[in-house]
Amino acid sequence: MVFKKLLGALGVGGPSVDTVLANPSTYPGAPLTGQVNLTGGTQEADIEHITLALVTRMEVEGGGGDYSATGDFYRITVAGPTRIHPGQQMSIPFRIDMPWETPITTAYGQSLRGMVMGVRTEVSIARALDKGDLDPVYVHPLPIQQKIMDAFGQLGFRFKSADLEYGQIYGVHQTLPFYQEIEYWPAPQYAHSVNEVELTFVTSPHQVEVVLEFDKRGGLLHSGHDTYGRYTVAHQDAETTDWRSVVDGWVRQAVDRHKSRPGYGAPGHGAYGAPGYPPPPPPGYGHGGHHGGHGYGHHGHYRGGHGSGMGGAVLGAVGGLAAGYVIGEAMEEVFEDFGDD
């Protein structure tokens with residue numbers, strides 16, 4: 001499927017821009033390819049640069065409560081200074097290597113409620129920047145992510161919603177200044193102990209950190225106390241592990257541990273399966289993992305770094321992937337065409 005967005009003319013008689021994605025569906029760590037097509041207007045134009053940006057929306061916790069922020073988390077310049085003549089047609093191919101921590105936006109053939117992402121084309125002429133429209137991008141789960149999500153469904157957990165939280169998870173290496181929370185209503189067998197489960201994947205080329213937060217609103221015997229679990233799993237174990245049993249063990253471990261200790265105690269340990277061989281990669285999928293994984297649980301406040309005080313530190317740590325975020329409503333219009341509520 002090919003998506004096309006025709007941007008408005010850049011000034012009177014200026015060129016028009018049409019960005020075409022070869023395939024809007026991709027995976028974390030996989031390439032997203034396409035071309036930027038330029039058509040010259042009625043007069044010659046000097047383009048300073050053409051930049052593509054991956055844009056998404058996240059939630060930020062501030063002193064006055066939560067609010068939405070929209071901005072880009074990956075930028076790539078596909079063309080430098082270029083002169084385009086009247087009526088001239090140019091095609092500029094591009095490839096975006098999706099960051100491994102790119103959040104999932106689509107699962108089971110449907111968009112995850114609360115998630116939206118797109119590629120925005122920015123064209124600069126005479127220092128006037130046209131940010132244009134967005135081409136939607138659909139990020140599917142990697143095999144290991146899909147297996148874990150399947151396991152939650154098999155156990156009776158029901159998908160609630162998903163969002164991006166601006167901040168860092170304590171003790172987990174992140175390259176992006178946000179993390180995704182996939183929220184589930186509890187399975188019937190855990191409904192008496194768990195009000196909600198939040199699943200987070202922090203992915204790298206070889207493994208995935210799985211962070212679980214149980215009952216963020218409190219209620220696990222001690223109101224206001226959350227229970228956390230953190231586990232490291234390898235991409236190569238996706239097809240060789242009974243993930244339903246593993247995930248059930250994670251949940252039982254968290255519930256039992258919280259019941260037995262009013263506070264947060266020493267880390268628990270667990271293991272799952274033996275390392276296997278990597279499964280065949282899905283279409284467009286990048287390199288698989290090569291290290292065996294292991295599981296382990298921890299107590300503690302993993303999710304942190306919210307609020308305005310962390311902004312500079314978080315953005316400074318992402319290695320240039322994000323030049324900054326536009327906070328508030330200034331950019332909300334970029335998602336109007338997505339049909340997102």
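The largest nonpolar core of this predicted model has 66 residues, and those with the most contacts inside it are Ile148, Leu199, Val210 and Trp250. A nonpolar core is here a set of buried Ala, Val, Leu, Ile, Met, Phe, Trp, Tyr and Cys residues joined through side-chain atoms within 4.5 Å, where buried means under 20% relative accessible area, exposed over 50%, and partly exposed in between, with a 1.4 Å probe and protein chains only. Ile148 touches Leu199, Phe201, Val210, Val233, Trp243, Val247 and Trp250, not counting residues up to four places away in sequence, a contact being heavy atoms within 4.5 Å. Apart from this core lies another, of 5 residues, with Val172, Tyr179, Val202 and Val211 among them. In soluble globular proteins, nonpolar side chains tend to be buried together.

Two remarks on reading the values belong here: residues are numbered from 1 along each chain as its sequence is written, and side-chain values use heavy atoms, with hydrogens and water left out. Because the model is predicted, local features need pLDDT of at least 70 and side-chain atom pairs count only at pLDDT 80 or more, whereas totals for chains, interfaces and linings use all residues.

Helix α1 covers residues 143–154, and its buried residues are Pro143, Ile144, Gln145, Ile148, Met149, Ala151 and Phe152. Helices (H or I, at least four residues) and strands (E, at least two) are DSSP runs numbered from the N terminus. The expected span of a helix is 1.5 Å times one less than its number of residues, so the 12 residues of α1 should span 16 Å, in agreement with the 16 Å between its end C-alpha atoms. Just after α1, Gly156 takes a positive phi of about 105°.

Charged pairs come next. A search of the whole structure finds 11 salt bridges, each defined as a side-chain nitrogen of Lys or Arg within 4 Å of a carboxyl oxygen of Asp or Glu. Glu122 forms one with Arg75, with the closest N and O atoms 2.7 Å apart. Glu122 lies in strand β11 (residues 117–125) and Arg75 in strand β6 (residues 65–79), so this pair ties together parts that are 47 residues apart in sequence. At 2% relative accessibility Glu122 counts as buried, whereas Arg75, at 34%, counts as partly exposed. Glu122 also forms a salt bridge with Arg120, the closest N and O atoms being 2.6 Å apart, and both Arg120 and Glu122 are buried. Asp72, Arg75, Arg120 and Glu122 are linked in a network of salt bridges.

Another salt bridge joins Lys160 and Glu196, whose closest N and O atoms are 2.6 Å apart. Lys160 lies in strand β15 (residues 158–166) and Glu196 in the loop between β17 (178–185) and β18 (197–203), so the pair ties together parts 36 residues apart in sequence. Lys160 is partly exposed, with a relative accessible area of 22%, while Glu196 is buried, with 5%.

Thr56 lies in strand β5 (residues 45–62) and, at 0% relative accessibility, counts as buried; its side chain reaches the backbone oxygen of Val116 at 2.8 Å. Gln88 lies in the loop between β7 (82–84) and β8 (89–97) and is partly exposed, with a relative accessible area of 26%. A polar atom of the Gln88 side chain lies 2.8 Å from the backbone nitrogen of His85. Leaving aside its neighbours within four places in sequence, Gln88 is in contact with Leu38, Thr39, Gly40 and Arg83.

Definitions and conventions
A polar contact is a pair of N or O atoms within 3.5 Å; within protein, one must be able to donate a hydrogen and the other to accept it, and residues adjacent in sequence count only if both atoms are side-chain atoms.
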